[in-house]
Amino acid sequence: MNRRDFLRYAVVGAAALTLDGCMKRASVQPPTHHSHRTTSYSLNISEALVEMVDGTAVYMWLYEDPMKGPSFPGPVINANEGDRIILSITNTLDEDHSFSVPGVVESGNIAPGEKKVLTFTVPATGTYLYFDSLNAPVNRILGLHGAMVVLPHDTGNNPYTNPASAVRELFNDLGHAEHFPGEPWIAERTRIWLFTSVDPKFNQMAMEGKLINPEELVNSYLPRYFTINGQSGAFAAHDHNNVPSGRIGQPHLIRLLNADVDFHSPHIHGNHVYVTAINAQTRDNAQFVDTFTLAPMDRVDWLLPFMRPPDIPGDPNMPLRELVKNELSKVLGDVPQSPLTYPMHGHDELSQTAAGGNYPQGLVTTWEITGDLDGVDFPSVH
Amino acid sequence: MSIRTISRRQISEEEKPVFHKHVCPPKHSGPPPDPVAPTVTIARNLMVTINLPLPDGGAVPMWIIEDPDDQVGGQVFPSKMIRVVEGDVVHVRTGVKTNTHTIHWHGIEPTPMNDGVGKHSFEVSGNFTYQWLAGQSGTYFYHCHKNTTLHFEMGLYGLLIIDPPRGEGYVAGFNPPSHVIPYDVEALWVVDEIDSRWHRELASTHDAFMQKCDPNDPSAPGPFTQNGFLNDFRPDIFLITGVPRLDDDTPIMDPAVAVYAKVGQTILLRILHSGYTVQRYTIGIDAEAIAFDGRPFGVPPFGKYSKPFAISAGTPFTLTVARRIELIIRPKRPGVFPAQVEFLHDITGRRLAMARTVINVS
């Protein structure tokens with residue numbers, strides 16, 4: 001299975017864990033009963049050389065699904081609230097490591113060569129970061145982190161169990177209220193944007209087996225590469241697994257995670273987004289923003305409404321395929337202007353660099369509006 | 001066991017044009033592709049270099065976006081504010097005098113060709129007229145979106161305010177049934193930091209550290225620069241609305257920054273974070289937050305999932321880059337109320353500097 005297939009599983013896997021190496025393609029049908037399941041699977045703590053955007057190979061420590069090989073970041077864990085997980089985790093490296101989701105599961109030290117079996121209950125719905133909590137933040141920033149996504153058993157049109165009233169109202173309004181024409185949210189319309197950065201001098205030290213002092217790392221960390229889901233720049237911006245794509249009225253949920261030691265200030269163009277949850281707590285004050293703050297370790301959920309971009313002049317009742325037909329027929333730089341594409345990028349603009357320049361080969365991706373509210377796609381231009 | 005390699009994703013022939021455009025956007029000029037008659041036409045030129053005087057007698061070169069129609073105040077830092085009224089159809093005649101630039105209207109949401117991002121449209125060479133609707137009143141800004149790490153830092157940005165239909169003196173906010181709040185005094189805090197090394201060493205290099213363009217192999221490692229320093233920001237000048245602070249202790253009293261009001265008046269304070277640090281604000285008087293990012297809390301329909309919140313005197317709040325907050329302050333007694341911004345390192349959290357000013361209530 002290639003990475004693209006894997007992430008597709010991760011996104012649509014509403015009904016089952018994706019880490020089971022024997023899993024068949026996940027069903028998108030919600031389960032019809034509430035019986036809590038127990039699922040077993042395994043992870044290795046291992047190492048790999050990861051090619052950065054400019055081709056530089058950087059040594060990293062990674063969580064690995066043994067059936068699939070190492071990935072940066074670690075594989076997405078999709079789970080349903082209340083289920084039991086039995087996780088066998090084997091440390092293949094030469095120093096102690098761990099697996100931690102604060103408040104949920106904490107492995108403690110796993111010695112070189114040791115295998116630990118952790119049993120835990122899947123926590124409340126939301127977005128979680130799993131990571132190696134030892135020598136913090138060193139082991140995490142060297143690559144040992146990943147996303148865990150928890151959905152309700154009956155996801156339907158709301159990703160949260162018992163959300164705050166504002167968030168419940170928002171999801172109820174999507175596709176129903178006059179100001180949100182179109183469709184309700186559905187689980188397939190989810191993306192994960194996991195941010196981190198790489199300062200290769202510390203990765204080099206790890207490869208040489210040198211101890212890294214966490215204070216020294218924080219005080220002298222100079223990020224050279226910034227990534228979303230392990231990729232940078234054009235690679236991140238044009239990977240379909242990162243790119244929310246749909247017509248007007250097809251809202252998407254974006255789960256942002258910051259594994260970095262750096263603050264990030266992601267900005268989205270084309271639509272404002274609702275901040276529906278911070279650190280797996282839904283918001284009773286769901287603000288509508290174009291830029292938001294992620295401190296290190298933060299997880300923030302955004303509801304991207306896929307509204308018609310509100311600041312296009314002209315008749316608001318005319319479909320965009322007619323109102324902006326000249327733009328949609330243009331090809332600039334050998335790339336069609338149809339569909340309408342917008343960036344999301346870190347506005348702490350240092351994060352837009354690679355190797356100290358190469359703008360914009362950093363923390364950036366894309367979202368695209370492919371058609372009008374009435375279900376007609378924008379013309380494709382050849 | 002040898003260490004395995006995770007390779008970069010292989011890109012297809014079909015992907016090559018978008019990869020090439022990602023770093024090497026095309027140039028374009030002309031009118032808006034789908035023109036609508038404007039109600040307001042504004043001119044902006046990029047770019048002009050000015051010297052910003054510093055309190056120590058020195059100066060630092062800044063790049064600014066010029067208003068060529070304003071012979072008196074058209075060349076300022078931050079670049080001259082744009083102020084329009086909700087419902088306006090805005091045309092901005094954009095003249096590019098040096099190399100290529102763009103203007104992105106941050107928080108305004110038009111089509112990609114009017115959004116000012118090169119890799120999603122084009123860079124302006126010569127003249128282009130951007131077109132957008134001032135759809136929702138609030139606090140926005142505009143900035144060059146080319147090699148943004150450098151161009152935004154150099155000063156190619158300014159505030160953009162959309163007033164509600166009733167005009168200046170009113171701001172959208174939770175206040176049924178009208179959902180506008182009248183104010184008497186408006187304060188604009190645009191809070192920035194400058195790394196003078198960037199300004200000294202890169203002031204003549206628009207394309208500093210940009211990747212070279214190879215349309216045949218746009219992801220080839222070879223054309224990547226390997227020696228940039230735009231990931232290394234070490235600010236040494238700290239400003240509010242273009243006024244550099246002298247030191248951590250001395251409040252800025254410049255009337256462009258310090259607020260002067262009377263008991264019983266309503267102050268509207270608009271804050272834009274236009275730097276790269278984490279900024280922690282502490283204001284010594286009670287305030288109420290009424291909007292983020294040009295979206296008023298509690299105002300239906302889109303604001304009905306949010307509500308205004310109180311920030312009591314002395315309670316710090318944090319902003320990161322490009323965020324805006326609107327605060328309403330209703331002073332109940334006279335006094336000189338301190339306000340401060342702490343500039344925090346975005347990794348260590350260490351305080352790099354502080355800028356102070358005051359809210360003076362008589």
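Visitor: What makes a residue pair count as a polar contact between domain 1 of chain B and domain 2 of chain B?
Guide: A pair of N or O atoms must lie within 3.5 Å; within protein, one must be able to donate a hydrogen and the other to accept it, and residues adjacent in sequence count only if both atoms are side-chain atoms. Between these two domains, 10 residue pairs are in polar contact, both residues at pLDDT 80 or more. This is a predicted model: local features need pLDDT of at least 70, side-chain atom pairs count only at pLDDT 80 or more, and totals for chains, interfaces and linings use all residues. Residues are numbered from 1 along each chain as its sequence is written, chains are lettered from A and ligands numbered from 1 in the order written, and side-chain values use heavy atoms, with hydrogens and water left out.

Visitor: Why is the meeting of Asp163(B) and Arg270(B) called a salt bridge?
Guide: The rule asks for a side-chain nitrogen of Lys or Arg within 4 Å of a carboxyl oxygen of Asp or Glu. Here the N to O distance is 4.0 Å, so the pair qualifies. Across the interface of the two domains, the rule finds two salt bridges.

Visitor: Where do the domain bounds come from?
Guide: They come from an automatic or database domain assignment. Domain 1 of chain B is 16–168 and domain 2 is 237–361.

Visitor: What makes the area between the two domains buried?
Guide: Buried area is the accessible area (1.4 Å probe) that two parts lose on being put together, summed over both. The two domains bury about 1,700 Å² between them, so that is the area lost. Of it, 64% is on carbon and sulfur atoms. Pro55(B), Thr139(B) and Phe152(B) supply 31% of the area that domain 1 buries against domain 2, more than any other three residues.
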